[in-house]
Amino acid sequence: MGQLVRGVVARGAGKPVEVVTISVPDPGPGEAVVAIQACGVCHTDLHYRQGGISDDFPFLLGHEAAGVVEAVGEGVTEVAPGDFVILNWRAVCGQCRACRRGRPQYCFNTHNARQKMTLTDGTELSPALGIGAFAEKTLVAAGQCTKVDADAPATVAGLLGCGVMAGLGAAINTGGVGRGDSIAVIGCGGVGAAAIAGARLAGAATIIAIDLDDRKLAGARQLGATHAINSEGLDRDGVVSAIQQLTGGFGADVVIDAVGRPETYQQAFYGRDLAGTVVLVGVPTPELTLELPLIDVFGRGGSLKSSWYGDCLPSRDFPMLIDLFLQGRLPLDKFVSETIGLDDIEAAFQKMHHGDVLRSVVVL
């Protein structure tokens, strides 16, 4: 039978988004319908709108969300109607080689709802990252729902669904930042700022924020950065030298590239200490290439890592991080720059593109 609700759709590359009526089916086996309470506006949604991820238009945008389970299909045991949940875009299968080796955070066979949401004329929608949460309700695989403490505001909880988790996880899970470590974060937008918050949570002693925008550097300091470097006008060696000056001349134990460009990656590569770790969490575009002397890769040792979704396991990480927020130990609320409605998403994309916000959050 299904339901008709409002949702935000991108119909073609570069075209403004539209608020339209969509049809959400009743949940089938292994599926859940979630009433969305809040959803962050993420760069990934903008990439979908611009056609930078695929051309499978029309897209139902939105994926960084929290809400309440309204209904579940046959065989669902993970969640029940009334549960407050954060949506995640990597529902683990439990059967692939990564899951069987006890590494479900790397699941190679993640899944989404089998049924499709549609426009009222029957046109099938492609939900962003398998979620599509710029809508009053959405249909997902039940495994994409992670139950957390309902005392957390949805505006805060939903941020763990993508960008904030990516940054926190890049520092803690992928980078392994620990007590007394030094870390530099290149790019202090939402993901980079979250990496700084994660490093502080993990007990890092020296936390260096690097960006071209003084506004972002000021925000990074509020989230735990001990030092800030405005890299405007600095070449690679200038950035590396600035990091070394703040780390006893050696470089940082961990450097996180939250931008994803060859020049920032080289800054990260040479800005780490010998045997240090580079973590790439900024997503590069397909045409970008990297050139490094192989002798430097060998001679500097250490680890070169990429961070997928902060190497998180939602069932493990989301409830823990929400508890830390409720204890006052993780300032997730500082990431919320503004709350908006469905009709304001196009304007929010522009603010995000110009670096005016950490996160605009849609409230439904």
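The model is predicted. Helix H4 (residues 163-174) and helix H5 (residues 190-202) form one of the contacts described, with axes that come within 7 Å, and the aromatic pairs number five.

**Helix packing**

- The axes of H4 and H5 cross at roughly 45°, and the two helices are therefore oblique to each other, with H4 passing H5 in a right-handed crossing.
- On the H4 side the contact includes Gly-163, Ala-166, Gly-167 and Leu-168, which face a set of H5 residues including Val-191, Ala-194, Ala-195 and Gly-198; by class, the residues of this contact are twelve nonpolar, three polar and no charged.
- Helix H7 (residues 236-245) and helix H8 (residues 262-271) have axes that come within 9 Å and cross at roughly 40°, and this crossing is right-handed.
- Arg-236, Val-239, Val-240, Ile-243 and Gln-244 of H7 meet Gln-266, Gln-267, Tyr-270 and Gly-271 of H8, a contact made up of four nonpolar, four polar and one charged residues.

**Aromatic pairs**

- Phe-57 and Phe-59 pair edge-to-face, at 4.7 Å centre to centre and with 65° between the planes; Phe-59 counts as buried at 2% relative accessibility, and ring pairs link Tyr-48, Phe-57 and Phe-59 into a cluster.
- Trp-89 and Tyr-309 have ring centres 4.2 Å apart and planes at 15°, so the pair is stacked.
- Trp-89 lies in the loop between strand E6 and helix H2, and Tyr-309 in the loop between strand E16 and helix H10, so that the pair links distant parts of the chain, 220 residues apart.
- Trp-89 counts as partly exposed at 22% relative accessibility, whereas Tyr-309, at 4%, counts as buried.

Technical notes. Residues numbered from 1 in each chain as written. Predicted model: local features only at pLDDT ≥ 70, side-chain atom pairs only at ≥ 80, totals over all residues. Heavy atoms only, no water. Axes fitted to C-alpha atoms, helices over the stretch in contact; angles between N-to-C directions. Helix = DSSP H or I, 4+ residues; strand = E, 2+ residues; numbered from the N terminus. Parallel < 35°, antiparallel > 145°, perpendicular 65-115°, else oblique. Left-handed = near helix turned anticlockwise from the far one by under 90°. Contact = heavy atoms within 4.5 Å. Nonpolar A, V, L, I, M, F, W, Y, C, P; charged D, E, K, R; others polar. Phe/Tyr/Trp six-rings, centres within 6.5 Å; stacked < 30°, edge-to-face > 60°. Buried < 20%, exposed > 50% of the residue type's maximum accessible area, 1.4 Å probe, protein only.
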